[in-house]
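I opened this structure for a look and kept notes as I went. The entries follow the order in which I looked things up.

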Amino acid sequence: MVKVYRDEDADLSTLEGETIAVIGYGNQGRAQALNMRDSGLEVIIGNVRDESYQRAVEDGFPTYSIPEAAERGSIIMLLLPDEVQPEVYERDLKPHLDEGDALVFAHGYNIHYGFIQPPENIDVLLLAPRMIGRYVRELYVKGHGAPAFIAVHQDASGKALKRLLALAKAIGATRAGALEVSFAIETELDHFSEHYVAPLIARALLLSFEVLTEMGYPPEAVLLELYMSGELSEVAKAMALDGLYGQLPLHSRTSQYGQLLYAERVLPDGEKQLIREIVKEIQTGVFAREWSLEQRLGYPVFRKLWEKAMRHPINEAERRLRELVSIRLP
Ligand code: NDP
């Protein structure tokens with residue numbers, strides 16, 4: 001059974017006298033910094049001098065260059081895009097890490113695949129909210145929080161878990177529940193959702209759009225039916241709250257029968273072989289090496305994939321539908 005920590009397991013006073021340096025004031029950085037400050041922690045920001053830097057200043061944070069924030073902080077929360085972290089770490093963070101400092105990640109990728117190798121005399125922690133940054137903040141403000149995966153990779157201070165739990169409490173994660181995993185589990189599961197579940201849904205929608213429009217259905221009507229009304233996202237929310245099958249009674253009996261009847265036909269059990277292959281590519285680092293090479297070469301494949309996606313007629317059909325129908329989500 002996975003271990004779950006809640007508010008009562010965490011003590012904010014563990015972080016008394018510590019300065020939390022949030023490096024990167026983007027999606028996660030801003031949300032986590034605001035939550036931690038509201039929880040009474042001493043938070044400073046490190047960012048390159050750009051709009052995000054300005055926003056941190058406007059939000060009232062002591063804001064510095066990345067190396068200066070790293071120098072001032074005893075807990076460094078690395079909330080930059082994963083692909084820029086190794087370079088920024090080597091240049092701007094590593095020279096400022098003191099014995100007993102903590103380096104905290106929101107995704108295990110760079111540690112798990114060895115792109116960042118911190119010194120042994122610091123704590124290396126994972127606090128990975130399972131939620132986009134905006135809602136990490138919104139849920140906290142409403143008195144709740146986003147659940148998170150947490151992990152200790154290195155405990156040099158002897159109090160790594162206590163520090164991590166206090167941080168999890170400060171961002172609101174232990175209000176919902178913080179699940180103790182490992183850097184490997186967080187990274188591999190995260191990539192699995194991105195390599196299988198998300199593309200599967202997107203591809204099913206795209207192929208359905210292509211075939212239905214070829215068969216003469218109006219593109220705008222197809223899109224409204226498939227996902228653009230927002231009903232699909234409400235169904236996804238209901239799955240989170242009530243369960244995969246628990247949400248079925250929200251649909252008509254005809255819909256329930258259709259969904260249950262066609263499920264195995266559209267995705268037979270044989271598909272599990274592909275699932276295993278995709279997991280193996282993640283576990284063996286095939287994807288991480290390919291993505292790393294792609295970055296070094298200047299993103300040639302990534303760019304081509306984007307160009308192909310943008311040429312698809314679905315984009316134009318979406319634009320037309322948005323002009324015809326005003327879509328507001330509840
Ligand atoms: P963002 O893309 O929002 O960027 C974060 C910050 O990095 C911004 O302030 C950005 O500045 C700055 N930045 C971008 N490029 C550079 C660079 N080359 N050098 C220095 N600073 C740079 O990141 P996220 O918040 O999405 O991701 C941060 C971490 O959180 C990642 O590890 C990610 O995997 C993890 N995570 C993200 C989630 C999410 O909701 N997005 C969910 C859970 C985990 P500017 O905006 O001015 O470019």
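Entry 1, helix 14. I looked at the outward side of helix 14 and found Arg289 and Glu290 exposed there. Exposed means over 50% relative accessible area, buried under 20%, and partly exposed in between, with a 1.4 Å probe and protein chains only. Helix 14 covers residues 286–296, and its buried residues are Ala288, Ser292 and Glu294. I then asked what covers the buried residues of helix 14. The cover includes helix 5 (109–112) and helix 15 (300–311). After helix 14 comes Gly298, with a positive phi near 90°.

I note the ground rules here. The model is predicted, so local features need pLDDT of at least 70 and side-chain atom pairs count only at pLDDT 80 or more, while totals for chains, interfaces and linings use all residues. Residues are numbered from 1 along each chain as its sequence is written, and side-chain values use heavy atoms, with hydrogens and water left out.

I found His312 in the loop between helix 15 and helix 16 (314–324). Is His312 buried or exposed? His312 counts as buried because its relative accessibility is 16%. Not counting residues up to four places away in sequence, His312 touches Leu206, Phe209 and Glu210. Contact here means heavy atoms within 4.5 Å.

I counted 16 helices and 9 strands in the protein chain. Helices (H or I, at least four residues) and strands (E, at least two) are DSSP runs, numbered from the N terminus. Of the 330 residues, 40% count as buried. The C-alpha trace spans about 65 × 45 × 45 Å along its principal axes. Among contacts with a separation of 6 or more, 67% join residues 24 or more positions apart.

Entry 4, strands 5, 6 and 7. Strand 5 and strand 6 run parallel and are joined by 4 bridges. Strand 6 also pairs with strand 7 in the parallel sense, over 4 bridges. Two strands pair if DSSP finds at least two bridges between them. Which residue stands opposite Leu103 of strand 6? Ile76 does, and in strand 7 the bridge partner of Leu103 is Val124. From strand 6, Ala102 and Val104 point one way, Leu103 and Phe105 the other way, and all are buried. In a regular strand the side chains alternate between the two faces of the sheet.

A nonpolar core is a set of buried Ala, Val, Leu, Ile, Met, Phe, Trp, Tyr and Cys residues joined through side-chain atoms within 4.5 Å. The largest one has 34 residues, and Met36, Val43, Met77, Leu127 and Leu167 have the most contacts inside it. Elements giving two or more residues to this core include strand 2 (19–23), helix 1 (27–38), strand 3 (42–46) and helix 7 (160–170). Helix 7 gives the largest share, 7 residues. I looked up Val43 next: leaving aside neighbours within four places in sequence, Val43 is in contact with Ile20, Val22, Ala33, Met36, Arg37, Phe61 and Pro62. Apart from this core lies another, of 26 residues, among them Tyr89, Leu93, Ala151 and Val181.
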